[in-house]
Amino acid sequence: MRNKKYAGSMIIGLAALMVSACAVNTGMSANAETGTQTIINNTTPTNPGPGASLTEDGETIAESAEGTEDDSRFTDTQPVRKWGTVQSVDTESGDIVILSNETYTDEDGNVQDVQQEIVFHTAQGVPVIDAVSGLPVQLSDIKVGETVYAWAAQAMTMSLPPQTSLQAMVVNIPADYAAPQYVAIQKVEKNEDGSSLVITDQDGNRWQVSEENTELSPYLTRQMISLMDIEEGRFCMIWPNAAAPAIDPPLYIADKLVLFNF
């Protein structure tokens, strides 16, 4: 009888290992309690363009240039940008629901516009920034119905609505305003005299930052920063110059840069 029990336990254990292995091999992680599966890197960035302006209805026009503890938000160096209108804000859980505007190309090559709700889980310390002042905004001050930009981890659940971890958000965006962009610095090219540099971001956009034309400031500290502090692997918020770049490939001019300390 005892041997039969041991054999049964071994069969159950092997079955559990096989299920776990299948989840890993398909690029998904499974939650045994809830049955939720997560697809890794399943989202495609929807980019109106660096500093894209919004009309009062939230449409994209010509390009110009408190929650829970979870540091995993800082580990995704390829954040995906979403934009849409705020549907709800839960200040206790830190969850923000946004009706996101998505664009995709169907099998016939036609561009389709769709909307879907996305739940953004907001961890403590995630920057929510006022588009004009650059100052942090409390979750309680985010307005339902306003248009926002949100950058999130590429991992998103298969649930309806899908859920993901917020990395940064820009709120209080005036109509026809070139909103600041959250940048994961992929590459830094400095000129010979050190007076300027070019940043390449996660979407391949190039930004010129200079001592002469760019206002540099740290996030939530009084520490002085310089171009020397801008390095590959760091994160920042960039306010683009309203003038469209004249060269190809485009080189956007940074009027202001806030460097995060993570």
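**Entry 1**

I started at Tyr-149, which stands opposite Val-170 in S9. A note before going on: this is a predicted model, where local features need pLDDT of at least 70, side-chain atom pairs count only at pLDDT 80 or more, and totals for chains, interfaces and linings use all residues. Residues are numbered from 1 along each chain as its sequence is written, and side-chain values use heavy atoms, with hydrogens and water left out.

For my own bookkeeping, strands (E, at least two residues) and helices (H or I, at least four) are DSSP runs, numbered from the N terminus. Two strands pair if DSSP finds at least two bridges between them.

I then looked up the partners of S7. Strand S9 (residues 163–171) pairs with S7 in the antiparallel sense over four bridges. Strand S3 (residues 80–90) also runs antiparallel to S7, and six bridges join the two.

Is S7 mostly covered or mostly open? I found that six of the six residues in S7 (residues 147–152) are buried. By buried I mean under 20% relative accessible area; exposed is over 50%, and partly exposed is in between (1.4 Å probe, protein chains only). In a regular strand the side chains alternate between the two faces of the sheet. I checked both faces of S7: Thr-147, Tyr-149 and Trp-151 sit on one side, Val-148, Ala-150 and Ala-152 on the other, and all of them are buried.

**Entry 1: the salt bridge**

I went looking for salt bridges (a side-chain nitrogen of Lys or Arg within 4 Å of a carboxyl oxygen of Asp or Glu). The structure holds one. Lys-82 is joined to Glu-102, and the closest N and O atoms are 3.1 Å apart. Lys-82 belongs to strand S3 and Glu-102 to strand S4 (residues 95–105), so the pair ties together parts that are 20 residues apart in sequence.

Are these two buried or exposed? Lys-82 is buried, at a relative accessible area of 6%. Glu-102 is buried too, at 10%.

Next I checked the peptide bonds. The one joining Leu-160 and Pro-161 is cis, with omega about -5°. I placed Pro-161 in the loop between strand S8 (156–157) and S9. Another cis bond runs from Asp-248 to Pro-249, with omega near 5°. Pro-249 is in the loop between strand S15 (235–240) and strand S16 (252–259).

Then I turned to phi. Asn-172 has a positive phi near 55° though it is not a glycine. I found Asn-172 in the loop between S9 and strand S10 (181–184), and at 24% relative accessibility it counts as partly exposed. Leu-220, also not a glycine, has a positive phi of about 65°. Leu-220 lies in the loop between strand S14 (215–218) and S15, and it counts as exposed at 61% relative accessibility.

**Entry 2: whole chain**

Last, I jotted down the totals. The chain has one helix and 16 strands. Of its 262 residues, 40% count as buried. The chain exposes about 14,300 Å², and carbon and sulfur atoms supply 51% of that. These accessible areas come from the Shrake-Rupley method with a 1.4 Å probe; for residues, only the protein chains shown count as cover.
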